[in-house]
Number of protein chains: 2
Amino acid sequence: MKVRVLVRLKPGILDVQGAAVKRALAGLGFAEVTDLRVGKVIDVELGAATAEDGRARVGEMCQRLLANPVLEDYTIEMADDLAPRRAVR
Amino acid sequence: MKVRVLVRLKPGILDVQGAAVKRALAGLGFAEVTDLRVGKVIDVELGAATAEDGRARVGEMCQRLLANPVLEDYTIEMADDLAPRRAVR
């Protein structure tokens with residue numbers, strides 16, 4: 001089962017990397033960018049009996065290792081949740 | 001308009017960070033993880049007349065700055081594409 005974890009800085013935390021990228025984009029002529037934040041995507045493939053089990057285990061992984069609960073929020077997306085109707089590569 | 005960009009190493013490229021995280025998870029008892037890869041999520045908020053314009057501009061940003069085309073693939077997801085039916089924070 002494939003599970004996607006998104007780990008992002010909490011809203012109040014200054015995102016230095018995002019600010020730097022936004023500034024660089026403005027320098028390249030992309031002045032329409034009003035906000036930009038950078039986080040991590042972690043694609044996990046794991047064996048689990050049910051989707052619920054898989055989600056619960058990945059939640060444990062986030063709490064124990066993948067995210068820093070002081071600074072970061074995480075979102076768990078199962079393959080079935082996503083089903084992007086149009087995603088351009 | 002909110003646009004999400006996922007930047008990941010191309011499939012053939014060794015993901016050292018992902019391998020390290022997978023190993024650390026195994027050490028914590030998460031032996032069911034069969035594969036794990038780490039990438040970047042970039043949440044962009046930008047002004048654009050239409051969703052098509054927004055997507056095209058973000059595509060340009062990816063090609064010029066956000067992704068390294070030699071090593072990385074990128075995926076652009078518009079807010080409307082996503083609509084995760086269930087995403088646990």
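Colleague: Are α1(A) and α2(B) roughly parallel or roughly perpendicular to each other?

Modeller: In this predicted model, the axes of helix α1 (residues 16-27) of chain A and helix α2 (residues 51-66) of chain B come within 11 Å and cross at roughly 105 degrees. Angles of 65 to 115 degrees count as roughly perpendicular. The two helices, α1(A) and α2(B), are therefore roughly perpendicular.

Colleague: Which classes of residue make up the contact of α1(A) with α2(B)?

Modeller: From α1(A), the residues Val21(A), Ala24(A) and Leu25(A) meet Met61(B), Leu65(B) and Leu66(B) of α2(B). Sorted by class, this contact has no polar and no charged residues, and its six residues are nonpolar.

Colleague: How many salt bridges are counted between chain B and chain A?

Modeller: The contact takes 50 residues from chain A and 50 residues from chain B, and the area buried between the chains is about 4,500 Å², with carbon and sulfur atoms giving 51% of that area. One of the salt bridges joins Glu32(A) to Arg57(B), whose closest N and O atoms are 2.5 Å apart. Between chain B and chain A the count of salt bridges is six.

Colleague: Which element supplies the largest share of the side of chain B that touches chain A?

Modeller: Across the interface there are 18 residue pairs in polar contact, both residues being at pLDDT 80 or more. On the side of chain B that touches chain A, at least two residues each come from several elements, including β1 (2-9), α1 (16-27) and β3 (72-78) of chain B. The largest share, 14 residues, comes from β2(B).

Notes. Residues are numbered from 1 along each chain as its sequence is written. Chains are lettered from A and ligands numbered from 1 in the order in which they are written. This is a predicted model: local features need pLDDT of at least 70, side-chain atom pairs count only at pLDDT 80 or more; totals for chains, interfaces and linings use all residues. Side-chain values use heavy atoms; hydrogens and water are left out. Axes are lines fitted to C-alpha atoms, for helices over the stretch in contact, and angles run from 0 to 180 degrees between N-to-C directions. Helices (H or I, at least four residues) and strands (E, at least two) are DSSP runs, numbered from the N terminus. Angles under 35 degrees count as roughly parallel, over 145 as roughly antiparallel, 65 to 115 as roughly perpendicular and the rest as oblique. Contact means heavy atoms within 4.5 Å. Ala, Val, Leu, Ile, Met, Phe, Trp, Tyr, Cys and Pro count as nonpolar, Asp, Glu, Lys and Arg as charged, and the others, Gly among them, as polar. Buried area is the accessible area (1.4 Å probe) that two parts lose on being put together, summed over both. A salt bridge is a side-chain nitrogen of Lys or Arg within 4 Å of a carboxyl oxygen of Asp or Glu. A polar contact is a pair of N or O atoms within 3.5 Å; within protein, one must be able to donate a hydrogen and the other to accept it, and residues adjacent in sequence count only if both atoms are side-chain atoms.
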